[in-house]
Structure formats: C-alpha cells, structure tokens
Amino acid sequence: MARIVMKFGGTSVANLERIHNVARHVKREVDAGNEVAVVVSAMSGKTNELVGWVQDIPKVAGASSPFYDAREYDAVVASGEQVTSGLLAIALQSMGINARSWQGWQIPIKTDNAHGAARIQEIDGTDIIRRMGEGQVAVVAGFQGIGPDNRIATLGRGGSDTSAVAIAAAVKADRCDIYTDVDGVYTTDPRVVPKARRLKKITFEEMLEMASLGAKVLQVRSVELAMVHKVRTFVRSSFEDPDAPGMGDLINPPGTLICDEEEIVEQEVVTGIAYAKDEAQISLRRLADRPGVSAAIFGPLAEAHINVDMIVQNISEDGSRTDMTFTVPYGDVQKALKILEDNKEKIGFDVAQNESGLCKVSVIGIGMRSHAGVAAQAFKALAEKGINIKAITTSEIKISILIDGAYSELAVRTLHSAYGLDKS
C-alpha cells in the first residue's frame, strides 16, 4: 500500500466524459489498496472565461478605470476548481468510492497575501491524512489557498501543479503523479523534433531548468517544491486507458520520473533542449561605468516584477563608458522601457534600444558538470547552419543562447542532433 497524490489538469477534466475517465484512474489506485488524494484544475478554458469576466465587468459597469480588487478576482477565478472537485467527487461516489471534495481553505492551505500570485506558506495535512487512512479519497481544488486576510488566494497560472506537490509533501506521499495531455517529459518539443525521445527519468535540477527555460510540462514552482521536499514526481498521460498493462505499477508506472540525482545511475551529458520564443532584448548605450549602475537599472525592474534574464556588459577601451544589454519577456518590453526612462537621470544612459522577435535556446544536462567542450559543440553546430548568436549565458548544467526567432526551430533540431538526443 502507498500514499499517492494524483493531479489532473484542465484538458484532463475538460468535460463530464473526461472527468469520468479521471475517476477510473483514481479507482484503479483505490482498488490497489492505496491511500489517494486528487488535485484538480478547472475545466479547460474555464479559467480564461472567468478571468475575462473579471476584466470586462468594470467596463460594463461604466468604470473609468479597468482596475479591480485582486481579492475579488481570486474569489471569481477560484470557482473553476471548486466545480471540478465537486463533480469528480460525485463521479467517484457513483462508482461506489468513498470521496469528498475539499477547497483550499478547508484543508487549510495557508498562503501569503499576494492575491493572484500567492505562495504557499504552510499546509496542515492532519485531517486529510486521517480521512485517507479511513479509506476516503480527498478531491482537492487546486490553484487556491487562504491568505492571512482570511480571503481566498490563488497561486497564479499553473498553480494546481504547485498545490499537488505541496500537498504530497504535507501528507508525506510516496509519490505525486501529474497527469496531463502528454505522456512524459521529452528531450525536446516533439512538435519541433519528431525524433524527440521520452525520458524515463530526469533530475529535479534538470526539470527545473527545462521548466524555467520554456518547457511547458510543469510549472516552475511545483518543481522547486518537489526538489526541496524530495517529492518523487511522475509526469503521466491522463488519456491512456486507466486499465492498460503497467498503469498500476507502483514503482515504475509509464511516464517520466522526476527525482533526486542519486536515483539516476547512467547520467547523459545532455538531457534535453528547451526553447522560449518571444524574447526581447533591451540595450542601454553609453552608461557611466561606476558603482551602483547595475542596481539602478535592475532594482526598479525587479520592483515591477519584470523578469530579467540574460545580461551582457561591454566596457569601452578607456573604461569610462559601458553598454548594458539584457533580455525580458516580449510582453514586458514597453513597461520596462518606461521604467528605465523614468529612472534615466539616476541610471545615466544616453539611449535605450530594443529588439523583439528573439528566441532563447537552452542545452540542459547535469552531465555537463564533468564534461568539457559541451558549449563549443553547440557553437560549432549553430555556426555550420549559419545561425548568429546574440548573447550567451551559462551555469553548471545549462547553456542558453539568444538567436533570431526565425531560426528557433532550426536551432532546436540542430542541437538535438548534435548531442545525439534523437538516437534511441
């Protein structure tokens, strides 16, 4: 017998037939004698609809400002998961399984006060553990908790993944199964590279890099939590037949295991290639080269929650002036430029230039720590395809390369082949 947390995303619960299919997956684990908690997202498209309503109601009401109370936003958008959790509980009850729905505040999942993008601070799993021990399936509404102001707080997009991993840590689950519309984590996007392979295992660190660098399989914070609490996490497909051979395997079910480095015996030099389109580059020209300049640039951007990634600094020959170039998501370009212009006198730059339509391609693998020449191999492969590199950043287990967006798919295919990832 094991204690398992199962999470199902929006496409997995998109309609009543799929919710019934999810119930079959849950029943399989219950019939095997496992203690089960299930975390569900809102039905596919429902959260977008609810967000649209929140954004439109001030206009309908004739307000002069489009702004709204973030606490009421959370009250509205959290309702999608409430519907799904209730429907799945009813589906399970109809199959003769003892189940009940739980909202975030009932557990409780305690968060900070950042409504719309709250972070989990504490989960008391005592009541759920007791109920699971009595044979009851806990069906939990993901994406939500309760803030210090005693109001519903949502965790941001993809927050149900975070809910699932956090609950798995709180109840000391043997594993957390994330069911989605793909059957695991691949060496790269199979839509770009048909020869991409599904990975049997990947380390927490590698998955964190892949998630933060463009892979959409898991939400970044969920991987961070899994790594901190060492929650063994499987990425699985909800569209496979719940009763297919191997689906009930406790140790090695089909999918990709995200685990500690010690569990992976044979470590590849490169595990995968991730990419993120819609990157933009901002360059500040002729800055004074003095202490405090970087803080004057990146401090205000951080306060505005603008994520700055690749940073390159060039020094003039006499050392008096410098150029600073960095990347931000395309959607934040205008906001970032305004902030920089507002702080122009303090920063002391001549002109701010920007370029959009860029792509960041990243090579990821824990084996890079002990192998030389991995970066040179990437640069050579791209050069042979005539792809110009605009910026480079590296860490122990990744190399990120900024290129023109038009070459993104060619670059991904080239690097995937260069490291032999398309070989079975």
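Which residues does Val5 touch, not counting residues up to four places away in sequence? They are Ala37, Val39, Ala164, Ile167, Ala168, Val171, Ala173, Arg175, Cys176 and Asp177, where contact means heavy atoms within 4.5 Å.

## Basis of the model

The model is predicted: local features need pLDDT of at least 70, side-chain atom pairs count only at pLDDT 80 or more, and totals for chains, interfaces and linings use all residues. Residues are numbered from 1 along each chain as its sequence is written, and side-chain values use heavy atoms, with hydrogens and water left out.

## Nonpolar cores

A nonpolar core is a set of buried Ala, Val, Leu, Ile, Met, Phe, Trp, Tyr and Cys residues joined through side-chain atoms within 4.5 Å; buried means under 20% relative accessible area (1.4 Å probe, protein chains only). The largest such core has 38 residues, and the members touching the most others are Val5, Ile107, Ile128, Val140, Ile167, Cys176 and Met207. At least two residues each are supplied by β2 (35-40), α5 (126-133), β6 (137-141), α6 (159-170), β9 (175-180), α7 (204-212) and α8 (220-229). These elements are DSSP runs numbered from the N terminus: helices are H or I with at least four residues, strands E with at least two.

Another core, of 22 residues, lies apart from it and includes Val192, Val361, Ile387 and Ile403.

## The antiparallel sheet

An open sheet is formed by 6 strands in the order β14-β15-β13-β16-β18-β17, with antiparallel pairing; two strands pair if DSSP finds at least two bridges between them. At the edges, β14 (311-315) and β17 (391-395) each pair on one side only. Neighbouring strands are turned by 25° against each other on average, direction ignored; axes are lines fitted to C-alpha atoms, for helices over the stretch in contact, and angles run from 0 to 180 degrees between N-to-C directions.

Strand β13 (residues 272-288) is joined to β16 (residues 351-364) by 11 bridges, and Ile273 stands opposite Val363 in β16. To β15 (residues 321-329), β13 is joined by 8 bridges, with Ala280 opposite Val328. Between β14 and β15 there are 5 bridges.

## Helix packing on the sheet

Helix α12 (residues 374-384) lies across β17 and β18, running at about 20° to β18.

## Cavity

The structure holds 1 cavity of 30 Å³ or more; a cavity is a set of points on a 1 Å grid over the protein atoms alone where a 1.4 Å probe fits but cannot get out. The largest cavity has a volume of about 40 Å³, a volume being the space filled by probe spheres set on the points.

Notes:
Buried means under 20% relative accessible area, exposed over 50%, partly exposed in between (1.4 Å probe, protein chains only). On a 1 Å grid over the protein atoms alone, a cavity is a set of points where a 1.4 Å probe fits but cannot get out, and a pocket is an open set with protein on both sides within 12 Å along at least five of seven lines; lining residues have an atom within 4 Å of a point.
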